[in-house]
Amino acid sequence: MWRDTLLVAGKDLRIEARSRVALSQVAPFGIVALVLFAFALGPDRAPMAKGAPGLFWVAVLFSSVLAIQRSVSVESVDGARDGLRLSGLDPAGQFLGKTLSVAAQLVVLEVVLGLGVVLLYGANIETFWLIVVSCGLGTIGLAAAGTLYGALSAGLRVKETLLPFLLLPVVAPVLLAGTRMWQAALTGGTPSNGTPWFHLLIAFDAVYLALGVVVYGPIQETA
Amino acid sequence: MAPESPPTSALSLRDVVALSGRFPLLAGVDLQVGVGETVLIEGPNGAGKTSLLRVAAGLVPVASGRATVLGLDPARHRTEVRRRVGLLAHASHLYDDLNVRENVRFAVKAAGADTSRIEDACERLGLTGRLLRTGAAKLSAGQRRRVALAVLVARAPELWLLDEPHAGLDASARSLLNELIVEATAGGATAIVVSHEPELVESMATRSITITGGRVTGECRLNSAPARFVHVA
Amino acid sequence: MTTDTSVQSPRVMWATRVIGLLALVGTGLTVWLGLWVTPPDKVQGDLVRLVYIHPGVAWVALYLAFGLAAACSLLYLWPRTRSLFWDRLAAAAVEVGVVFNVATLISGSVWGKPTWGVWWAWDARLTSTAVLLVLFLGYLALRRVPAEPEVRAKRSAFAALFAAVDVPIVHFSVLWWKTLHQGATVLNPNLSPTIHGSMAWTLLLGFVALTLAFVWMLLVRYRIGALEDFLGSGELDMALLERQSEGAGPTPEPLGTADDARAPVKASR
């Protein structure tokens, strides 16, 4: 399974390296979202700085939908999805591989958006490791849940409109937890503030990773 | 990838019914293909020829009846069956953003096959030099076919399932394809070829099967013996 | 394919009518008792009368409908118990659940306005309910995609599974995010003394009546779904049987016309 994971992840990341969709389209979209938020909240930086954690995560969430869409559409050309089935690759490995690849892209995205938030909104990071932990855990959860829903909506013609509607409510806990942890990080909060959120993210990640490993194969065989 | 004991039957279908929702793709197919045979499958459009190949590849589940591929149940031993069977479909399963070499490497590694034969396979199919580094999006249909074939040759599966393989290939590619099939079967593999141009395959096929309405409706022995067409109702 | 004729059996239809009648009577009784007979609360005044409706619809939407849909989806996914019956039941539960969910949100909002001063105060319970509503709607949107019943059932069941495991996580995350809702007065382990006497009975009656209403709507909706499927598959089966007997008949046909042996609308395979 792990060999297949690395194989699929490598393939997806190589495709991304070639086509640079995440870098040239998804990341700019995230930045655009940040700019629009700034326009919406008014020229004063105070409300922006206050809302920075939440706005960061909302931008990440919207961008992750695009990243998932891209990850799914890579397989829909020339029957590649059939090809993956035919290859005998372990479905769990395929799931983890795609999740890994999406997670890697999201991490890069978050670095960009994080910089954006610091520079554009004047957010002041006091506890850096809280940021890292929240982003890391949140990314895994987003990638796992997203890959699952992506697989579910893969063959559908309406997947562009359906996927956001299906995915975003489900990952709301990631938004809540991530925002709270970022808030703690920006105000120099103590680790104890973040503990229940930390557990929540771990639970979310564990649930969707486990679900994906078990269920990805049967989903693919559904046509 | 070595089999435990060499099976004598490459494909065994007994009254197999395969469904797509409510629609019967195969409506009771009986077919036995021994190892080393080359079988030609003919029939009109929509008869179920492609579906038969897909059932053999383990892509379409068997709704009723018994199917055995290389001695294994494709439903129970899904991964193993897929690794030992190679399907050349209408689609080439290539990633547009990767070049030819990367596509072949990925497909071969994904199937768990040995990567050492990739170089030779690509050379054999005329995929050399700049072509190897060309992105799959820029390839013509015939070239895509060649890439898919290269994957097949490099993987060297025990059962070759070819769906109208000659379509879209030029004359030299066609004769190359025939060479490859003959070589593969001489090396112990089995080939099942669906074709609308039977004259291309008849010279190497041991048998010809006709599929109509999801069932086998005709079978005749080929090869050196002159064909005596027998209708099997 | 399951031609679930049990849904059309006279016994079930009679039971459905009885349940419907009971639900109607129960709800009517609750309304009468709630609006006129029971006394207003010391603190909340007449507003407390919503307690006869709101927790009732909330219980149905959040636990009954959702729980049923999740359980049925699991039963469908489990190979040994796979049957389109579970899929139809789950879909019916979700649809009716949407109705009750909206009722929960509206009654909660109406109750909250005088108490909190705003129509929507992002109270934890109501917010979780709102998220559940969106998850329900997502499920229904997915079901609307045209597909074979088995494919649609499998897809919906997976979607239900993914949403179901999320619900407890959402619940806790929203709860920790904000806590404003008054503690559960009836489902609370330490039964609050704010409800007593005739109020308690009316509350219980409300629960029962609303549950019966849910069951009635569920049965009706299930029947509609089963009839739709039955109609579709029955015609198709007939057509296919005819086709197959045409094509695979004993008289050998020349290859040229064998095209007609299978249904005409078919891409080349």
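Start in chain B and select B:Val100, B:Glu102, B:Asn103, B:Val104, B:Phe106, B:Ala107, B:Val108, B:Lys109 and B:Ala110: these residues of α3(B) are buried. Keep in mind that this is a predicted model.

**Stop 1: helix α3 of chain B**

Now widen the selection to residues 100-110 of chain B, the whole of helix α3. The helix is mostly covered, with nine of its eleven residues buried. What lies over those buried residues? Show α1 of chain A, then α4 (118-124) and α5 (141-155) of chain B; the cover includes these helices. Next, click on B:Gly112, which follows α3(B). Its phi is positive, near 75 degrees.

**Stop 2: where chain A meets chain B**

Colour chains A and B separately. Their contact takes 18 residues from chain A and 22 residues from chain B. Stay on the chain A side. Select α1 (2-19) and α4 (80-86) of chain A, the elements that give two or more residues to the side touching chain B. Which of them gives the most? Pick α1(A): it gives the most to this side, with six residues. Then colour this side of chain A by residue class. It divides into seven nonpolar, five polar and six charged residues.

**Stop 3: where chain C meets chain A**

Bring up chain C beside chain A. This contact takes 22 residues from chain C and 24 residues from chain A. Look at the chain C side. Select α4 (124-144) and α5 (149-177) of chain C, as each supplies at least two residues of the side that touches chain A.

**Stop 4: a loop in chain C**

Stay in chain C and select C:Leu47. It sits in the loop between α1 (10-37) and α2 (54-77) of chain C. Is C:Leu47 buried or partly exposed? It counts as partly exposed because 16 other C-beta atoms lie within 10 Å, and a residue is buried only from 20 or more.

C:Leu47 touches both, leaving aside residues up to four places away in sequence. Finish with a distance: draw a line from C:Leu47 to C:Gly112, C-alpha to C-alpha. The two are 65 residues apart in sequence, and 9.4 Å apart in space.

Note on methods: Residues numbered from 1 in each chain as written. Chains lettered and ligands numbered in written order. Predicted model: local features only at pLDDT ≥ 70, side-chain atom pairs only at ≥ 80, totals over all residues. Contact = placed C-beta atoms within 7 Å. Helix = DSSP H or I, 4+ residues; strand = E, 2+ residues; numbered from the N terminus. Nonpolar A, V, L, I, M, F, W, Y, C, P; charged D, E, K, R; others polar. Buried ≥ 20, exposed ≤ 12 C-beta atoms within 10 Å, placed from the backbone.
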